[in-house]
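Subject: Structure handover

Hello,

Here is the structure you asked to see. My notes follow below it.

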Amino acid sequence: MATDMKQYGVFDIIGPIMVGPSSSHTAGAARLGLVARRLCGEPVEKAVFYMHGSFAETYAGHGTDKALLAGIQGIRYDDERLKQAYELAEQAGLCAEFVPKDLGKVHPNTVRMELTTKSGRNFTMTGCSIGGGSVCITELNGVEVTFSGERPILATRHTDEPGVIAGITAILYAYRVNIGNMQVHRSDEGKDARMYMELDGDLPGGLKDALERVYGVKQILLLHPGDIS
C-alpha cells in the first residue's frame, strides 16, 4: 500500500505543537486515534491495537500507547490530558490492549485498531504515522483506502440496492463537491454496504442533512481535517 502522500517541508519535519516526545510516535498516533474515534461516531468501549514495526518496539517508551488511547477518547495530541489517557480510559470503562504484531509489508509506524463501541458495533482501521504528525489511513472496516486526513472524508452505511450510490453522488454534484477517491464494500449482496470518499475543498453547510435524506442511507459520517488537526 502506498504511504508517500506528499513532499515535506521543514515545518512538516519539525512537527506540530504537541505533548511529546515524538511527532511520529505521539502526535501522529493521537491523530490516528482521533480519526478512528470520529469515524466510529460514538464512544469506544473496547480497543485492541496491533502494533507493527517501530510502533511495536518503542510504543511504551515513546508514549504511543497513551497517544492512541487518548485519540480514541477524542483527546488531541496537544492536550495535556493525553498523559492521563489510561486513567481517563478506566474512568470511562474503556478496556484497551496493545499487541505487537507483524502486519506485513507496511510502514514501520503502523497500527491496526479493532474497536467495539458502546452500542456493540465493531469498527476496524489501519493507519500509519509518516512523520511530522502526518498520517495515512490504509484500511477502514476491511476496505483498502488511501486517506491522508488532510481532506474531508465521507463515510456512509447504506442498503445495497440500485440507485443509492447514484443518489449520494447526485447530492455531492448538486452541492458542487468533487470526489477525490472512493471505495465501496458490501458484506452480502442486498444487505448493508459501506462507502468511503475523500472529498476536495470545504464542505458547504447542509450537505450532511441532504445526504441523510437519500433513500437507503442509514448513516452518514463526515470527518473534516479540523477535527484531527
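How many bridges join strand 3 to strand 4? The number is 7, and the two strands run antiparallel. Before the rest, two remarks on the source. This is a predicted model, in which local features need pLDDT of at least 70 and side-chain atom pairs count only at pLDDT 80 or more, while totals for chains, interfaces and linings use all residues. Residues are numbered from 1 along each chain as its sequence is written, and side-chain values use heavy atoms, with hydrogens and water left out.

Helices (H or I, at least four residues) and strands (E, at least two) are DSSP runs, numbered from the N terminus. Two strands pair if DSSP finds at least two bridges between them. Strand 3 (residues 110-117) also pairs with strand 1 (residues 44-51), in the antiparallel sense and over 7 bridges. Within strand 3, Met113 has Phe49 opposite. The hairpin of strand 3 and strand 4 has 4 residues between the strands, and Gly120 there takes a positive phi near 95°.

Cys128 belongs to strand 4 (residues 122-131) and is the bridge partner of Thr110. Cys128 counts as buried because its relative accessibility is 1%; buried means under 20% relative accessible area, exposed over 50%, and partly exposed in between (1.4 Å probe, protein chains only). Thr138 is 10 residues from Cys128 along the chain, with 7.8 Å between their C-alpha atoms.

An open sheet is formed by 4 strands in the order 8-9-7-10, with antiparallel pairing. Strand 8 (179-186) and strand 10 (217-223) are at the edges with a single partner strand each, so one side of each has no neighbour in the sheet. From one strand to the next the twist averages 15°. Helix 6 (residues 164-174) packs on this sheet and touches strand 7, strand 8, strand 9 and strand 10, its direction making about 145° with that of strand 7. Axes are lines fitted to C-alpha atoms, for helices over the stretch in contact, and angles run from 0 to 180 degrees between N-to-C directions. Contact means heavy atoms within 4.5 Å.

Strand 7 (residues 153-159) and strand 9 (residues 192-199) run antiparallel and are joined by 7 bridges. Ile153 has Glu198 in strand 9 as its bridge partner.

Ile75 is in the loop between helix 4 (64-71) and helix 5 (85-92). Its relative accessibility is 3%, so Ile75 counts as buried. Leaving out residues up to four places away in sequence, Ile75 touches Leu34, Ala70, Arg81, Leu82 and Leu88.

Ile75 is also among the residues that line the largest pocket, which include Arg37, Pro43, Arg81, Leu88 and Lys118. On a 1 Å grid over the protein atoms alone, a pocket is an open set of points with protein on both sides within 12 Å along at least five of seven lines, and lining residues have an atom within 4 Å of a point. The largest pocket holds about 160 Å³ of space, a volume being the space filled by probe spheres set on the points.

Two loop residues with positive phi

Asn141, in the loop between strand 5 (134-140) and strand 6 (143-147), has a phi near 50°, a positive value in a residue other than glycine. Arg176 is not a glycine either, and its phi is positive at about 60°. Arg176 lies in the loop between helix 6 and strand 8. Asn141 counts as buried at 17% relative accessibility, whereas Arg176 counts as exposed at 64%.

Regards

Methods:
On a 1 Å grid over the protein atoms alone, a cavity is a set of points where a 1.4 Å probe fits but cannot get out, and a pocket is an open set with protein on both sides within 12 Å along at least five of seven lines; lining residues have an atom within 4 Å of a point.
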